[in-house]
Amino acid sequence: MRQIAIVPGTFDPITLGHLDIIRRASQLFSKVIVGVAASKRKHPKFDIDTRVALVREATADLENVDVKPFDNMLVNFARDNNAEVIVKGLRAITDFEYEFQQGALNHQIDPNLENIYIMSDPEYMYVSSSVVRELHELDADISKLVPKCVLEYYNNLKK
């Protein structure tokens, strides 16, 4: 049985969809490392320290989950953490196409690193960090899309 899995992402911010995938991965593997990617090319709204802190708070109840930032190639981050599996959530066909290409590339670089895909719960299939950011900018209610810590963080930004 594979023991250590990486759930990577930018988490800008973490959503309930992300949290669902992390929780489900934590039931499949003895240790899950949530890798918070610097993702400079995506120009995240929140800095890496804020994103790591929010993910840590959102996953605090999951004993076998650790949260770490990274700014190198995912395959190298996995190797550095002795991970054997990369877990990704899939919402739609567009996710599949992108993740399929990334998974093939990861396999080419390290054939020992397995890619596992977890289908999003239908409740969260439409949720993305970019949707959350846009709705928040429009003063829409995001309480059903993000963990409580993210909602509190956003509310404190308004003060």
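## Contacts around Ile-109

Contact here means heavy atoms within 4.5 Å. Ile-109, when neighbours within four places in sequence are left aside, is in contact with Met-73, Val-75 and Arg-79. Ile-109 belongs to helix H4; helices (H or I, at least four residues) and strands (E, at least two) are DSSP runs, numbered from the N terminus. Ile-109 is partly exposed, with a relative accessible area of 31%. On this scale buried means under 20% relative accessible area, exposed over 50%, and partly exposed in between, with a 1.4 Å probe and protein chains only. From Ile-109 to Leu-54 the C-alpha distance is 31 Å, at a sequence separation of 55 residues.

## Basis of the values

The model is predicted: local features need pLDDT of at least 70, side-chain atom pairs count only at pLDDT 80 or more, and totals for chains, interfaces and linings use all residues. Residues are numbered from 1 along each chain as its sequence is written, and side-chain values use heavy atoms, with hydrogens and water left out.

## Annotated domain

The unreviewed UniProt entry carries the annotation "domain: Cytidyltransferase-like" for residues 6-134. UniProt positions are given in the numbering used here, feature names are shortened, and annotations may be inferred rather than shown by experiment. Residues 6-134 are 42% helix and 22% strand, and the end C-alpha atoms of the span lie 28 Å apart.

## Nonpolar cores

A nonpolar core is a set of buried Ala, Val, Leu, Ile, Met, Phe, Trp, Tyr and Cys residues joined through side-chain atoms within 4.5 Å. The largest one has 33 residues, and Ile-14, Ile-22, Val-34 and Val-87 touch the most other members. At least two residues of this core come from each of strand E1 (4-9), helix H1 (16-28), strand E2 (31-37), helix H2 (48-58), strand E3 (65-70), strand E4 (85-90) and helix H6 (148-158). H1 gives the largest share, five residues. In soluble globular proteins, nonpolar side chains tend to be buried together.

Not counting residues up to four places away in sequence, Val-34 touches Val-7, Phe-11, Ile-22, Val-55, Val-65, Asp-66, Val-67 and Lys-68. Another core, of twelve residues, lies apart from the largest one; Ile-4, Phe-77, Ala-83 and Leu-113 are among them.

## Backbone exceptions

Most residues other than glycine have a negative phi, and most peptide bonds are trans. The loop between E1 and H1 holds both Phe-11 and Pro-13. Phe-11 has a positive phi, near 50 degrees, and is buried at a relative accessible area of 3%. The peptide bond joining Asp-12 and Pro-13 is cis, with omega about 5 degrees.

Ser-39, in the loop between E2 and H2, also has a positive phi, about 45 degrees. Its relative accessibility of 18% makes Ser-39 count as buried. With neighbours within four places in sequence left aside, Ser-39 is in contact with Thr-10 and Pro-44.

## Largest pocket

The pocket search uses a 1 Å grid over the protein atoms alone: a pocket is an open set of points with protein on both sides within 12 Å along at least five of seven lines, whereas a cavity is a set of points where a 1.4 Å probe fits but cannot get out. Lining residues have an atom within 4 Å of a point. The largest pocket has a volume of about 1200 Å³; grid points are joined across faces, edges and corners, and a volume is the space filled by probe spheres set on the points.

The lining has 49 residues, of which Pro-8, Gly-9, Thr-10, Lys-42 and Lys-88 lie nearest the centre of the pocket. E1, H1, E4, helix H4 (93-109), strand E5 (114-119) and helix H5 (129-137) each supply at least two lining residues, and H4 supplies the largest share, eight residues. By class, the lining has 20 nonpolar, 17 polar and twelve charged residues. Ala, Val, Leu, Ile, Met, Phe, Trp, Tyr, Cys and Pro count as nonpolar, Asp, Glu, Lys and Arg as charged, and the others, Gly among them, as polar.

## Other positions

Thr-94 lies in helix H4 and counts as exposed at 58% relative accessibility.

Ala-140, in the loop between H5 and H6, is partly exposed, with a relative accessible area of 31%. Ala-140 and Asn-156 are 16 residues apart along the chain, and their C-alpha atoms are separated by 15 Å.
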